[in-house]
Amino acid sequence: MAEAQQQHEEEHFDVLTRTGEKTGISKPRGQVHRDGDYHRAVHVWIYSESTAELLVQRRSDCKDSWPGQWDISSAGHISAGDSSLYSARRELEEELGISLPNDAFELLFVYLQECVTNNGTFINNEYNDVYLVTTLEPIPLEAFTLQESEVSAVRYVPIGEYKSALARGDEQYVPYEVDGDYGQFFTIIEKRYKENTESRSLSLQKQINRYAAIHLEPELTGLSEGDKEALAYILKASMVMDDIFYEQTWYSNPALRDWLKENSGASSISRLKWLYYSINKSPWSCLDENKAFLTTADSAVKLLPDATKPVSGWKGLEYRAAFPLIKPPGANFYPPDMDKKEFELWKSSLSDAEQKAAIGFFSVIRRHDVDLLTSSNTNGLGLKNPNDLFLVPFSVEYKSSLKKASELLLKASELSDTYSLKLLLKAKADAFMSNDYYESDIAWMELDSKLDVTIGPYETYEDALFGYKATFEAFVGIRDDTATSQVKLFGDQLQHLERNLPMDDCYKSDKVSAAPIRVIRLLFNAGDVKGPQTVAFNLPNDERIVSQRGTCMVLLKNVSEAKFKHILQPIAEVCIKDEQKQYIDFDSFYTHTICHECCHGIGPHTIVLPDGRQSTVRLELQELYSALEEAKADIVGLWALKYLIDQGLLPKSLLKSMYVSFLAGCFRSIRFGLEEAHGKGQALQFNWLCEKGAFVLHSDGTFSVDFTKVEEAVEGLSREILTIQAKGDKVSAQLLLECYASMSQPLKDALEKLENVNVPVDIAPIFAVANSILQKTA
């Protein structure tokens, strides 16, 4: 009976597969180690920057594995149902008496440890999430409160000395393979603190030089006096979108931004860090597959006076606000240690209405916050299930910022003397507080104003986990009335294009609405406008509105002109065969941009699955949706141009130039990187068209279009993508992207040539007019 009671109280672990996925089974700790089941644990290392020392703990003599040996600062298993980050915080508090927030923990890597000890009775097949806590100075040893059953002592040891001890197999220490996977722990820290400042400055300058700084200064002469007064408040509201977006990217990102800005004048490298961070709006480089160009060692310093028990004369623990080396796929929309399976299990427990909200655009998913210092129940958690996920609407999560933006837009609405703009600004102000964006999106589609404003949560690229959650952004521009009147043709032809799409008729819609198209000259942008700049956008993404009203397109003509002049023309000089360079022109580049955006509004959106359920392409393809949708808009846009030429609606002189300009444009977009939706979608198209012989590589490394093959190849890829979308076929989408969305050798060679001649990858806009207005009203 006593044995049964002991088993009942024994900690349970989630049993994993050999590859680390949950099986849905949990077992008592003793059985897991007896049977060699795969399970999960956390390692937490504390590193002192100033002394280059690691904190190590001496394991209690009563431990069933490696008793009395020196080990990681803090470590422990992840109990069944618990999350990784929560477990890391809990273990540190329980074992050492240190209570730290989430942003103190940097996930470095996951390490699989497979070993057998205690004469074969203890089998440890363990996935370890390895975290680093970076402090400025060593924590005084008297500040620790040790858990006697787990820890008998702590001390600091120089990182090099500890590494050497492990390498020679010093029996005082729990063994880790320094030359194996665990060795990357030392490599990461050593590289972080030994990197040459001069070489790092050169690297940052090279990354910055990939962006051509371009002044965008449209004339304000066409604005009414009321709209000019409203503009200052609209610009201020747009800047609030920046604040929210920084937070959406990663929870310690706002602190990093403020720290880098505050210290940007300290040295030349500090200035370069701030400049490149300002372009990317995060520590991850958009043009380098989201590789981190900063480390936690560059991040903000925070002071926690109460993280440990007090020590006389010591002000408290100072740590670096951490961010992971690998950009989190879920950004800050989900708990950082939540995986897809956990989300799906949680979602399945919700009501239909709750499920809809959970996968909706305008919410985040959080865990119940737990105060570790006051936890008292048998699990040491303080709540019946603290790791339960729950949903928070944007209007609650970003309440303070949205209230500020709402008040600014309401003031702008009062000042504006353009009726449709007044309606939009008020509707958007209301939406920020209610979290219902339907009416404000309708008002945006019906906007008829010289001052053009797009503001709010729209694109879902940042959510690489599911593609559900929208980021906040703002685009403020001056409408180009002449250019707007010239593009009306494209919006009017959407239903004709839908009827003739290269896919089975059963998938086509008979309710495509003419798309309003507005051409503007960009005055200011903010929020999710990091890295490569968009030349156009097609909104809203809300499938309800798309099915009822269609979409509206906004073209940023001055951005297109800058990209063509400073990027596409230089690319063509390097990558296009001499005899086809004559076909590169702005009109074909710009016209395809228009068709690209139009084609977001046609093709499958709301779909019927084989089992009869109604769904949407976005929900079925999840994280694959954005890349495939961008590829669809591109390739179907090319098909649409040919269709309109055949109908006599566009001049035949456009035919060859559109294909060659598209070829040159492939290199432009792929340079954005294959982690970015546009770049990945473009690689898919380029490799497909090369395989079909439509794009031809010559011995001198240049490319040309085979006009006899390109039409069939374009139609074939259009049919492939449209059919995958219509069926909601995620497996086929994955296979298509795996097969074609890669950095093929011809692409690598072409991009290397562009790098060698210093062709900019994109532009970095400078908004002098808008900045002047903001300074005057500060």
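**Salt bridges and a helix contact in the predicted model**

At 10% relative accessibility, Arg192 counts as buried (under 20% relative accessible area; exposed is over 50%, partly exposed in between; 1.4 Å probe, protein chains only). The model is predicted: local features need pLDDT of at least 70, side-chain atom pairs count only at pLDDT 80 or more, and totals for chains, interfaces and linings use all residues. Residues are numbered from 1 along each chain as its sequence is written, and side-chain values use heavy atoms, without hydrogens and water.

Arg192 forms a salt bridge with Glu106, with the closest N and O atoms 2.8 Å apart (a side-chain nitrogen of Lys or Arg within 4 Å of a carboxyl oxygen of Asp or Glu). Glu106 is buried, at 1% relative accessibility. The count of salt bridges comes to 57. Another one joins Asp37 to Lys27, at 2.6 Å between the closest N and O atoms. Both Asp37 and Lys27 are buried. Lys22 pairs with Asp14 at 3.8 Å. Here Lys22 is partly exposed, at 33% relative accessibility, whereas Asp14 is buried, at 18%.

Lys281 is also buried, with a relative accessible area of 8%. A polar atom of the Lys281 side chain lies 2.8 Å from the backbone oxygen of Gly527. Beyond its neighbours within four places in sequence, Lys281 is in contact (heavy atoms within 4.5 Å) with residues including Asp242, Tyr246 and Val529.

The axes (lines fitted to C-alpha atoms over the stretch in contact; angles run from 0 to 180 degrees between N-to-C directions) of helix 20 and helix 24 come within 9 Å and cross at roughly 100°. Helices are DSSP runs (H or I, at least four residues), numbered from the N terminus. Helix 20 and helix 24 are therefore roughly perpendicular (65 to 115 degrees).

Note on methods. Helix = DSSP H or I, 4+ residues; strand = E, 2+ residues; numbered from the N terminus. Parallel < 35°, antiparallel > 145°, perpendicular 65-115°, else oblique. Polar contact = N/O pair within 3.5 Å; in protein donor to acceptor, adjacent residues only side chain to side chain.
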